[in-house]
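Please look through the sequence and the model shown here before reading on. The paragraphs below move from the overall fold to one helix pair and then to a pocket.

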Amino acid sequence: MTTCFLKDMGYRISKQRKLLNMTQEQLAEQMNVSIQMVSNMENGKKAIRPENLVRLCDALKVSADYVLTGKSVDTDNVIMLGRINALSERDRALLNTMIDYLTEN
């Protein structure tokens, strides 16, 4: 695996973790790995074993396709829809306003 590939993957992992307001420690705990491993993944220093990729995707609520390639799949959309449905009515209205703004510009 090229270093660029691992760094891109690490960026997506870090971005999603932060989006979920999760610390490296929390992610490590959910994956049952060391904090150092999470740091190495996010910095693109080490590849991820398949069993850790599965745990990573579960913890970050994304598909392996997203982690590996950056491309979303229908699963990601279903997860996002579930997260949106969990929002309060007020927050959903705010999200709709934001989506309107982003799609108009």
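What follows is a description of the fold, a helix contact and a pocket.

This is a predicted model, in which local features need pLDDT of at least 70 and side-chain atom pairs count only at pLDDT 80 or more, while totals for chains, interfaces and linings use all residues. Residues are numbered from 1 along each chain as its sequence is written, and side-chain values use heavy atoms, with hydrogens and water left out.

The protein has seven helices and zero strands, where helices (H or I, at least four residues) and strands (E, at least two) are DSSP runs numbered from the N terminus. Taken along the principal axes, the C-alpha atoms fill a box of roughly 40 × 30 × 20 Å. Of the 105 residues, 30% count as buried, a term that stands for under 20% relative accessible area with a 1.4 Å probe and protein chains only. Among the contacts (heavy atoms within 4.5 Å) with a separation of 6 or more, 51% are accounted for by residues 24 or more positions apart.

Helix 2 (residues 24–31) and helix 3 (residues 35–42) have axes that come within 8 Å and cross at roughly 110°; these axes are lines fitted to C-alpha atoms over the stretch in contact, with angles running from 0 to 180 degrees between N-to-C directions. Helix 2 and helix 3 are therefore roughly perpendicular to each other, the word used for angles of 65 to 115 degrees. On the helix 2 side, Gln-24, Glu-25, Leu-27, Ala-28 and Met-31 take part, and they meet Ile-35, Val-38, Ser-39, Met-41 and Glu-42 in helix 3.

The buried residues of helix 3 are Val-38, Ser-39, Asn-40, Met-41 and Glu-42, and what covers them includes helix 1, helix 2 and helix 4 (50–60). Just after helix 3, Gly-44 takes a positive phi of about 70°.

The largest pocket holds about 270 Å³ of space. A pocket here is an open set of points on a 1 Å grid over the protein atoms alone, where a 1.4 Å probe fits, with protein on both sides within 12 Å along at least five of seven lines, and lining residues have an atom within 4 Å of a point; the volume is the space filled by probe spheres set on the points, which are joined across faces, edges and corners. The elements that give two or more residues to this lining are helix 1 (3–19) and helix 6 (74–85), and helix 6 gives the most, with five residues. Lining residues include Lys-15, Leu-19, Tyr-66, Asp-76 and Arg-83.

Note on methods. Angles under 35 degrees count as roughly parallel, over 145 as roughly antiparallel, 65 to 115 as roughly perpendicular and the rest as oblique. Buried means under 20% relative accessible area, exposed over 50%, partly exposed in between (1.4 Å probe, protein chains only).
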